[in-house]
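Dear colleague,

Please find below the structure that I am handing over to you, together with its sequence. My notes on what was found in it follow directly after.

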Amino acid sequence: MPRWLAPVAGVAGTVLGLATNLYSEEFRRALTTSGHWLSSTVLSVLLVAMVASGSAIILYRLLVRRQVIHELQAGEFPIGTDALQYIEDEHDSVVGRSLHYLEVERDSPELVVFLHGLGLDAEDFRPYMAESKFHCIALTMFGFNTEERDDPHYKPISLKSHLQLLSYALKKIRGDNPGKNITAVGFSFGADVLLLLKRYAGDLAAGLDIERAILLDPNVNHSTTTISSKVAALTAADPLDELVGILHSARDVNDLGYLCNYLRKITSKNLDQVRRHASEVVDTWRVDGYDQFLDRVGQLTTVVGDVHIIMSFSYEQQFNGMARAAQDRGLDISNLDCSRSGHFDLITPRFLRDRLEGLLYAP
């Protein structure tokens, strides 16, 4: 159907509708009177109707254009040769590939960049982004796009290369959005990624100019890597038994539902990449206590302006000890909080609306 047909039909329908309903007597007289069908009365009706219809079409187009601007748009960052100054490992091939993302642009001074959990992707933040008041970008990390699952060009890369590639993407985001206050929100593995930026990306992460980082359920020591340890142990040939074992770790029916959805998502991805990252993350947390975690929080503060940490009820056994350890170091624990939500509840629209917007609107 031609694109011009709908507006023309709309104008014609409006003209006829107004003419036959508002001025039915004049309209019938004009049609039945020979030689007088273009009387001044009918012409005035037609003119008014066309102006009204045209105005409605213009208003509609403006509203649609405004809505399109605020719609979620899928995009990708092409990884060019300039990324090689970031990637140190000669065996990790990334040039010529892409990093996928979701974005919704809004007239807001705040730009929120979301980083997903292990084996998840940008789609996990779509519900909140659709209703958010802020300019939002959700990155899908390298190799975690569903369409790349069986693509031989997206072979698993190391966690170090992954962090360096993230710095590359964040630099691009900063360059494309000068003057905006960037907040990085990391969930689970995405929070670990932020904690490890300084360690793996070093000076490359120093100029990111990120206003604040919000960490949602990062790992704090070996005791919190339960699911990652199980994912790391998945058998390449037939992981069914191990996947069922992960379901057995559910605390209640709601947690079981979240885990079922989680396993559905990670099994739709490149499991070799998911398993490799899980193994490397577990290796970085092979300690007890909270000194390593607090050291990494301190390192993150050299990259971003402010760090907020929100834990779910899944961390209630670790929270008190972690808070006391931070206090013993003389740290301000007002940015450390334990919520009443479950692990996966931390990325629901309701939670993000209440907690994220509260932090961004705070003085």
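Nonpolar side chains tend to be buried together in soluble globular proteins.

Some remarks on the source are needed at this point. The model is predicted, and local features need pLDDT of at least 70, side-chain atom pairs count only at pLDDT 80 or more, and totals for chains, interfaces and linings use all residues. Residues are numbered from 1 along each chain as its sequence is written, and side-chain values use heavy atoms, with hydrogens and water left out.

Overall composition

The protein chain has 14 helices and eight strands. Helices (H or I, at least four residues) and strands (E, at least two) are DSSP runs, numbered from the N terminus. Of the 363 residues in the protein chain, 45% are buried. Buried means under 20% relative accessible area, exposed means over 50%, and partly exposed lies in between, with a 1.4 Å probe and protein chains only. Among contacts between residues at least 6 apart in sequence, 79% join residues at least 24 apart; a contact means heavy atoms within 4.5 Å.

Eight strands form an open sheet with mixed pairing, in the order β1-β2-β4-β3-β5-β6-β7-β8. Two strands pair if DSSP finds at least two bridges between them. The edges are β1 (73–78) and β8 (336–338); each has a single partner strand, so one side of each is left without a neighbour in the sheet. On average, neighbouring strands of this sheet are turned by 20° against each other, direction ignored.

Strands of a sheet pair through backbone hydrogen bonds, either parallel or antiparallel. Both senses can be seen here. Strand β2 (residues 98–104) pairs with strand β4 (residues 135–140) in the antiparallel sense over five bridges, and L102 stands opposite A138 in β4. By contrast, β5 and β6 pair in the parallel sense over five bridges, where the bridge partner of A184 is A213 in β6. The pairing of β6 with β7 is parallel over six bridges, and L216 stands opposite I310 in β7. Strand β6 is mostly covered, as six of its seven residues are buried.

Helices on the sheet and beside each other

Helix α12 (residues 291–300) lies across β6 and β7 (304–311) and runs at about 145° to β7. Helix α14 (residues 349–361) lies across β3 (110–115), β5 (181–187), β6, β7 and β8, and runs at about 150° to β6. Axes are lines fitted to C-alpha atoms, for helices over the stretch in contact, and angles run from 0 to 180 degrees between N-to-C directions.

How do the axes of helix α9 and helix α10 cross? The axes of α9 (residues 240–247) and α10 (residues 253–266) come within 9 Å and cross at roughly 150°. That makes α9 roughly antiparallel to α10, a term used for angles over 145 degrees. The contact is made by L243, I246 and L247 of α9 and by L256, L259, C260 and L263 of α10.

Loops

Two aspartates deserve attention. Most residues other than glycine have a negative phi. D209, in the loop between α7 (197–201) and β6 (210–216), has a positive phi near 55°. D217, in the loop between β6 and α8 (226–232), also has a positive phi, of about 55°. Because its relative accessibility is 1%, D217 counts as buried.

T348 lies in the loop between β8 and α14 and, at 25% relative accessibility, counts as partly exposed. The C-alpha atoms of T348 and R126 are separated by 9.7 Å, although the two are 222 residues apart along the chain. Finally, K133 is placed in the loop between α4 (126–131) and β4. K133 touches R106, S108, E357 and Y361, not counting residues up to four places away in sequence.

Yours sincerely

Methods. Parallel < 35°, antiparallel > 145°, perpendicular 65-115°, else oblique.
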